[in-house]
Amino acid sequence: MSYFRSYSELFNEVYVERAASRLPAVERCRDGMPGSRFTLVEERRDIPAEHLRSSTLFLCRPRGEVFGRCPGTSGHVCCNYNTLDLYLGCTLGCSYCIMRTYLNFAPVTVYVDAQPGIDAVVRAAESNPGRQVRVGTGEVGDSLLLDPLFRLSEEFVRAFAGIDNVTFEMKTKTDLVDHLLDVDPKGNAVIGFSLSVPSVAQQEDGFSSSIDDRISAAGRAARAGYALAFHFDPIIQSETWSIEIDALVAKLRALGAYRVAWISMGTVRFPASLQESISDRPYMYDEFVPCRDGKFRYLQKERIALYRRLRDLLRTVTDAPVYLCMESAAVWTTLFDAPPVAGPLFTRLSGIGNHPRLQKTGSSS
Amino acid sequence: MIVLPVDILASGRRDRDLFPDAPMPDSELLAGGYHPPVLVRASDELVLWGWSVIRVAEKLGLEELPVAYFEGSREDEYAIALRLEARTDRFSFRERELLLNAAVADQIAEETFERVLGPHIVSDGPVVSVTRRFAALEPTLKRVVCDRLIDLKSAERVAAVPPGVVERALAATAFRALSFSRRRQFFGLMAEIAIREPERLAQIVDAALESESPEKYLTERRYPRLTEYTNRFDRSRTQIERGSGLRIRAPEYFEGASYRLEIPFSSREELVERLDRARKIEGYCDELFSLLQ
């Protein structure tokens, strides 16, 4: 990582819930942030108002249900992904991030006790024998940005390694994988990398790692035995997109042989509430239309053209499942002939409610 | 009752007139001596409130005006002047800027201004930050915001548009004839086109102002692909519907998988005839579905 030398640079204040203060992950955080001020509090509301910001870190035990179904978005096809809350909030600062609309004035929160999440996923796996539980920690925060500090992901990887029907994904825009390479066994663990064409990543992905660094990290993860996932999301079209995407997929091809669990594609989309805060971004001035979920997207025909181009390129590299994130049935059907209702990866699990945190906000990105 | 000669009052510091857009006092009340007195700082006789009263008194040829002396902290001076003005939510942006600049020059902190004086200026929302936004506008845009031709947000949106283009739009009869919401739409579109096609902006705005519906023209320029799809669909629709009694509808914004066809009929013969017509739509299918896929 090139944009910060230590986690102490990212966070000015660390608040620790008293009930969580003796957990190993908190100790690891103290070790990793020497010189930082740690303040014990009984609960979140004890954090002073002036510290309710993303440069504050709040460490606590999980609140409520940490495992649930990704809420998807209304009127669009759901890929039946499940989410696990671990890192809530993010300091990467991507311009298009939906979390900017509701997490800006909140500390980055870390659920420093992995056990409730592990227990919930194990229960879901046991009650859905024969069905694949796809679960990831990258829904409301980057899975790996803070992970070298807390080393919580490896607890999940180890816990799920012996369970055939759990596929655990850590989704990231960083290259911070090295602390996970020696974890053994890895089971079905997947490290997912969000990818954009480099010019877009450079302009819009905030402090994320460069695309080359992410691909290089993907290579290290693959060689260590992890399955990979790639998320081409958000796809932001530009004059150079077509040329750059060729080059990007060529780099994935050059990685050599590796397992790809899945690949997702999604064009840039935003709710009206985000419109003002991204009004300085050039891509905002492309043509967007309101869709059934109230979010703005490129014209359907333009989206299909982008997906078609990328799908065809990806087919030259891998036969891994490719799916669309938060897209309409019309687009799915045009591109894949049918929505993925019957595929093993996309089977809806029984006994799993919608993600409680995001349900409150009504949508996700 | 203390009175001072009007000419003495009028010779005071005019730069302290913080309420240039105040409504004129009632002449009869003023001539009859029933108007609140002019507020004057005791130590140096600076007029703290009542310039509108002095102006009318001069016009009426009154020789003297009742005054009330006041001595207090600077923020108290502003607070009492605002209370005498009694125009919460009705101060112009120009007055707000004058007030804020004068208060800052008088060493009143912005936080104090917001907390103590803000509630006399607006009943809800921040004063300082909004006033600063107004203060940052170009003079032309300040004027049109004050004239309520456009709102502050719309004015800010066109900050990147060359002033000459904005001024041409503002001066155009076609623009001034638009309703407030249509002017806002016009400004929003103009700002976005300025980013998309900066080199052609002036030409586009001129053409819009000469068109029948300026904001519709700008919308078409802002959304060229959507406009193209709409025009292509309209051409097919016209052909399909002409004399057939059929109605065909595209999904909104061409977002969806299917078109809707309406076949109204009132007799067996009409149904047969219109179904026959409907079959001919097949010839348009390639064109219609190319708009969705």
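## Exercises on a predicted two-chain model

Among the 97 residues of the largest nonpolar core, A:L59, A:V121, A:V190 and A:L228 touch the most other members. The strand that gives this core its largest share is β11 (residues 227-235) of chain A, with 6 residues. A nonpolar core here is a set of buried Ala, Val, Leu, Ile, Met, Phe, Trp, Tyr and Cys residues joined through C-beta atoms within 7 Å. A residue is buried if 20 or more other C-beta atoms lie within 10 Å of its own, exposed if 12 or fewer, and partly exposed in between, with C-beta atoms placed from the backbone. Helices (H or I, at least four residues) and strands (E, at least two) are DSSP runs, numbered from the N terminus.

This is a predicted model, in which local features need pLDDT of at least 70 and side-chain atom pairs count only at pLDDT 80 or more, while totals for chains, interfaces and linings use all residues. Residues are numbered from 1 along each chain as its sequence is written, and chains are lettered from A and ligands numbered from 1 in the order in which they are written.

**Exercise 1. Find which residues A:V190 touches, not counting residues up to four places away in sequence.**

Step 1: apply the contact rule, by which the C-beta atoms of two residues, placed from the backbone, lie within 7 Å.
Step 2: list the partners, which are A:T167, A:F168, A:E169, A:Y226, A:A227, A:L228, A:A229 and A:A261.
Step 3: look beyond this core, and another core of 30 residues lies apart from it, including B:L9, B:L18, B:Y78 and B:L117.

**Exercise 2. Determine where the buried residues of helix α5 (residues 153-160) of chain A lie around its axis.**

Step 1: pick out the buried residues of α5(A), namely A:S153, A:F156, A:V157 and A:F160.
Step 2: take the directions from the helix axis to the C-beta atoms, whose arc is the one meant here; the four cover an arc of only 100°, which puts them on the same side of α5(A).

**Exercise 3. Trace the open sheet of 8 strands in chain A and identify the strands at its edges.**

Step 1: write the order, β4-β5-β8-β9-β10-β11-β12-β15, and note that the pairing is mixed; two strands pair if DSSP finds at least two bridges between them.
Step 2: β4 (67-69) and β15 of chain A stand at the edges, each with a single partner strand, so one side of each has no neighbour in the sheet.
Step 3: examine one pair, in which β12 (residues 260-267) of chain A and β15(A) run parallel and are joined by 3 bridges, and where A:I263 has A:V322 in β15(A) as its bridge partner.
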